[in-house]
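Subject: The model, and what turned up in it

Hi,

Here is the structure for you to open. Have a look at it first, then read on for my notes.

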Amino acid sequence: MFLQASLNGARAPGEHERLPLTPAELARDAREVAEAGAVGVHVHPRDRDGRESLEPAACDAAVAALREAAPGLEISVSTGLWITEGDVERRLACVRGWTELPDCASLNVAEEGWEELGALLAERGVWIEIGLWHADHPARLAAAGLARRCRRALVEPQETAPAIAVATAGAIDGGLERERIELPQLHHGTDFTTWAVLDAAVRRAREARVGLEDTLSLPDARRAASNAELVAAAAARYLTPSG
């Protein structure tokens with residue numbers, strides 16, 4: 001079982017009382033989710049004002065704190081283009097400046113400049129978690145020739161209806177198979193689709209993730225107290241698959 005904890009994402013400060021923003025808070029949550037069953041964490045480093053940042057100072061501090069707090073966890077960071085306000089060159093410059101390298105970085109096929117950033121991550125020895133949002137994205141990945149530098153495919157349906165999101169995840173799986181891209185596939189939904197996508201991932205024997213980035217609610221719709229509570233709920237579903 002590979003279960004990743006998505007600790008904060010793009011959520012705004014104050015959106016949840018336990019949303020981790022600082023390196024110390026990320027470290028605290030990393031220890032807690034490891035105890036709850038996570039084997040990896042995905043984070044969006046923040047600057048001193050709590051804003052998402054790819055700047056070396058923010059990313060280095062977050063990765064160093066996570067590495068010290070939970071040395072056994074795989075560490076993944078976001079490279080979302082929105083973090084640099086759509087500035088492709090600035091994003092590349094930030095990643096070039098990282099000194100505390102994460103194990104992986106997520107990279108979205110839907111974003112401008114993804115192939116250039118993928119080449120840079122490969123050059124720096126950082127594995128890619130390739131974000132696939134639509135059924136045609138596996139073909140784009142195959143054409144770019146970057147699959148060999150990927151640790152896994154992130155199957156990330158963007159639809160807001162659970163049944164449609166699950167269907168899209170299946171279509172992305174099918175695209176990977178058609179392109180003969182043999183990567184571990186990590187499925188995750190967002191907000192209302194989170195638990196439906198995770199349950200389908202369990203049935204398909206896929207990797208999965210959950211955390212405050214993806215949802216603030218437990219499967220029974222109660223507000224989650226923490227990342228660790230979400231991870232514990234997901235781990236229980238892996239042990240006793242639903243449906």
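First, the ground rules. This is a predicted model, so to speak of local features I needed pLDDT of at least 70, side-chain atom pairs count only at pLDDT 80 or more, and totals for chains, interfaces and linings use all residues. Residues are numbered from 1 along each chain as its sequence is written, and side-chain values use heavy atoms, with hydrogens and water left out.

**The whole protein**

There are 8 helices and 8 strands (DSSP runs, numbered from the N terminus: H or I of at least four residues for helices, E of at least two for strands). The radius of gyration is 17 Å, which agrees with the value near 18 Å that a compact globule of 243 residues would have; that is taken over C-alpha atoms, and the globule rule is 2.2 Å times the number of residues to the power 0.38. Along the principal axes, the C-alpha atoms fill a box of roughly 45 × 40 × 30 Å.

Of the 243 residues, 55% count as buried (buried is under 20% relative accessible area, exposed is over 50%, and partly exposed is in between, with a 1.4 Å probe and protein chains only). The protein exposes about 10,200 Å², and carbon and sulfur atoms supply 51% of that; areas come from the Shrake-Rupley method with a 1.4 Å probe, and for residues only the protein chains shown count as cover.

As for contacts (heavy atoms within 4.5 Å), take those between residues at least 6 apart in sequence: 66% of them join residues at least 24 apart.

**Helix H1**

H1 covers residues 23-36, and its end C-alpha atoms are 20 Å apart, in agreement with the 20 Å that 14 residues should span at 1.5 Å a residue (the expected span is 1.5 Å times one less than the number of residues). Its buried residues are Leu26, Ala27, Asp29, Ala30 and Val33.

**Helix H6**

H6 runs over residues 162-178; its 17 residues should span 24 Å, and the end C-alpha atoms are 25 Å apart, which agrees. Buried here are Ala165, Val166, Thr168, Ala169, Ile172, Asp173, Gly174, Gly175 and Leu176. The buried residues of H6 pack against strands S5 (127-132), S6 (150-155) and S7 (185-187), along with helices H5 (137-144) and H7 (194-203). After H6 comes arginine 180, whose phi is positive, near 55°.

**Two loop residues with positive phi**

Most residues other than glycine have a negative phi. Aspartate 191, in the loop between S7 and H7, has a positive phi near 50°. With a relative accessible area of 38%, aspartate 191 is partly exposed. Alanine 221 also has a positive phi, near 80°, and its place is the loop between strand S8 (207-210) and H8. Alanine 221 counts as exposed, at 59% relative accessibility.

Proline 13 is in the loop between S1 and H1 and counts as partly exposed because its relative accessibility is 47%. Leaving out residues up to four places away in sequence, proline 13 touches Leu19, Leu21, Arg46 and Gly50. Its C-alpha is 9.1 Å from that of aspartate 49, 36 residues apart in sequence.

Alanine 58 belongs to helix H2. Is alanine 58 buried or exposed? At 11% relative accessibility, alanine 58 counts as buried. Beyond its neighbours within four places in sequence, alanine 58 is in contact with Pro45, Arg46, Asp47 and Ser53. Threonine 22 is 36 residues from alanine 58 in sequence, and the two are 9.1 Å apart, C-alpha to C-alpha.

Alanine 119 sits in helix H4 (residues 114-124) and is partly exposed, at 43% relative accessibility. Its C-alpha is separated by 8.7 Å from that of arginine 149, 30 residues apart along the chain.

Cheers
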